[in-house]
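Below is a walk through one model, from its ligand shell to its sheet and helices. Please keep the sequence and the coordinates open while reading.

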Amino acid sequence: MLLTVDHVRKTYPGGRPVLQDVSLALDHGQTLALTGESGSGKSTLLNLVGALDTFESGEITVDGQALSSLNDPGRAALRRDRVAMVFQQFNLIPSLTVAQNLSFHARLGERLDKGWLSDLTRRLGLADLLDRYPEYLSGGQQQRVAIGRAMAARPKLLLADEPTGNLDETASAAVLDLMLDLVRDTGAALLLVTHSLDIANRLDRRAHLASGRIT
Ligand SMILES: Nc1ncnc2c1ncn2[C@@H]1O[C@H](COP(=O)(O)OP(=O)(O)OP(=O)(O)O)[C@@H](O)[C@H]1O
């Protein structure tokens, strides 16, 4: 298994547990849609898997690494080398051009493969936009850059939090197609949070989060 989430519990300070007892597993190359009501903890779970936040009990393993055993540098290395994230708000770096955004993560991990990057740029339709800054791009273009930035380092696991949530129907369809193609071609696994059943149905499996558990 590439990812296992085993009886994970997460409580934010001063609150009730958001995740009570969450377990799921994802194999290499598999795609899983995570659905659930607003506030059910989907982003929380994604952040835990992406080692952006910690949990109080249970265990998460990513590519054989138990996250509870990692210190801050270990978590940073996991995010740099094996996991990539795409967010609803795109989260591009505004002071960097498209070209610089695209290579940013791969450079950090010293995993920049220029042939792959130019292939990605072409596939994502970004070749004519490389010198632009994010504020001069449409939402769909920004999300294509974010996907390119995520996939440039060839992550084993892509985490996507409502990646089409800010896009119109046409741009959503294009972004989803590109993301699924890239994930399949690179053998990456995908854990994708969505409110859309249509999107969830395009993925291999579906998990629903409610009352702090997968149902
Ligand atoms: N940093 C935080 N500190 C305290 N509470 C938080 C924090 N982040 C999220 N929460 C709370 O945890 C619960 C789950 O939030 P989360 O964002 O994971 O849900 P979600 O399922 O992704 O929701 P949505 O679909 O609306 O994005 C919510 O009640 C939220 O208010």
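In what follows, Ala, Val, Leu, Ile, Met, Phe, Trp, Tyr, Cys and Pro count as nonpolar, Asp, Glu, Lys and Arg as charged, and the others, Gly among them, as polar. The model is predicted: local features need pLDDT of at least 70, side-chain atom pairs count only at pLDDT 80 or more, and totals for chains, interfaces and linings use all residues. Residue numbers start from 1 along each chain as its sequence is written.

The shell around the ligand holds two nonpolar, eight polar and one charged residue. Its members are Tyr 12, Gly 15, Val 18, Gly 36, Ser 38, Gly 39, Ser 40, Gly 41, Lys 42, Ser 43 and Thr 44; a residue belongs if its C-beta atom, placed from the backbone, lies within 6 Å of the molecule. Helix α1 (residues 42–49) supplies the largest share of this shell, three residues. Helices here are DSSP runs of H or I with at least four residues, strands are runs of E with at least two, and both are numbered from the N terminus.

Next comes the sheet. It is open and has six strands in the order β6-β7-β8-β3-β9-β10, with mixed pairing; two strands pair if DSSP finds at least two bridges between them. At the edges are β6 (83–87) and β10 (213–214), each pairing on one side only. Strand β9 (residues 205–210) and β10 run antiparallel and are joined by two bridges. Across from Arg 213 in β10 stands Ala 210. Helix α1 packs on the sheet, where it touches β3 (31–36), β7 (157–161), β8 (189–193) and β9, and its direction makes about 150° with that of β8. Contact requires C-beta atoms, placed from the backbone, within 7 Å. Axes are lines fitted to C-alpha atoms, for helices over the stretch in contact, and angles run from 0 to 180 degrees between N-to-C directions.

Two further helices pack together: α5 (residues 139–152) and α6 (residues 169–186) make an angle of about 10°, with axes 10 Å apart. They are therefore roughly parallel to each other, a label for angles under 35 degrees. The residues of this contact divide into eight nonpolar, four polar and one charged. Among those from α5 are Ile 147 and Met 151, and α6 contributes residues including Leu 178 and Leu 182.

Finally, Ile 199 lies in helix α7 (residues 197–202). Why does Ile 199 count as buried? It has 21 C-beta neighbours inside 10 Å, and the cut-off for buried is 20 or more. Leaving out residues up to four places away in sequence, Ile 199 touches Ala 33, Thr 164, Leu 176 and Thr 194.

Note on methods: Parallel < 35°, antiparallel > 145°, perpendicular 65-115°, else oblique. Contact = placed C-beta atoms within 7 Å. Buried ≥ 20, exposed ≤ 12 C-beta atoms within 10 Å, placed from the backbone.
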